[in-house]
Amino acid sequence: MKRLFVILAAALTLASCETKVQDVPEISVEQSEYSVSSTGGTMIIPVYSTGIDDVRISYKWHSDEWETDENGDMTPKEGWCKVVKVINDYQVTRDLPAWLSGLQIEIKPNEVAAERTAYVTASSFTKSVVITINQTAKME
């Protein structure tokens, strides 16, 4: 029994001497809200993460996501804001590397006299961040 205790104590001592880097998913942005002009265009949003796994876009108004026909049936509408690509530029330093990435977003011109809002959600493993994009109304 005494020998088992000594072996257990030695194992605990060795385990406590190891320095481990704890890899946890993370994702963040320097700026969580952008205002873009009614003319639209392309923009790049810098994202610091342990890898972007998914990017989704939702809209403030239901009518920006769906078209409803005369029967009330809904079909998905092509959105005015879309992800062109996820840009990865990183150096691996850990099992779950952290790096600066970018989301290239394309914004279509706003042809109506009302501001519109899109929400870009980027995910890294179990963490996510929401970026708000406000586009100004068309100037008459």
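This is a predicted model: local features need pLDDT of at least 70, side-chain atom pairs count only at pLDDT 80 or more; totals for chains, interfaces and linings use all residues.
**Entry 1: the core.** I started with the largest nonpolar core, which has 20 residues. I45, C81, L103, I105 and I133 are the ones with the most contacts inside it. I then looked up which elements give two or more residues to this core, and I found β2 (33-36), β3 (41-49), β8 (99-107), β9 (116-124) and β10 (127-135).

**Entry 2: I45.** Next I picked I45 and asked what it is in contact with, leaving aside neighbours within four places in sequence. My list reads Y34, S101, G102, L103, I105, I131 and I133.

**Entry 3: T117.** Then I turned to T117, which lies in strand β9. Is T117 buried or exposed? Its relative accessibility is 5%, and buried means under 20%, so T117 counts as buried. Not counting residues up to four places away in sequence, T117 touches Y59, K60, W80, T132, I133 and N134. With one of these, N134, T117 makes a polar contact from side chain to side chain, at 2.8 Å.

**Entry 4: the whole chain.** Finally I stepped back to the protein chain, where I found one helix and ten strands. Read along the sequence, the pattern is α-β-β-β-β-β-β-β-β-β-β. The chain has 140 residues, and 29% of them are buried. I looked at contacts between residues at least 6 apart in sequence, and 66% of these join residues at least 24 apart. For the accessible surface I wrote down about 9,700 Å², with 54% belonging to carbon and sulfur atoms.

Definitions and conventions:
Residues are numbered from 1 along each chain as its sequence is written. Side-chain values use heavy atoms; hydrogens and water are left out. A nonpolar core is a set of buried Ala, Val, Leu, Ile, Met, Phe, Trp, Tyr and Cys residues joined through side-chain atoms within 4.5 Å. Buried means under 20% relative accessible area, exposed over 50%, partly exposed in between (1.4 Å probe, protein chains only). Helices (H or I, at least four residues) and strands (E, at least two) are DSSP runs, numbered from the N terminus. Contact means heavy atoms within 4.5 Å. A polar contact is a pair of N or O atoms within 3.5 Å; within protein, one must be able to donate a hydrogen and the other to accept it, and residues adjacent in sequence count only if both atoms are side-chain atoms. Accessible areas come from the Shrake-Rupley method with a 1.4 Å probe; for residues, only the protein chains shown count as cover.
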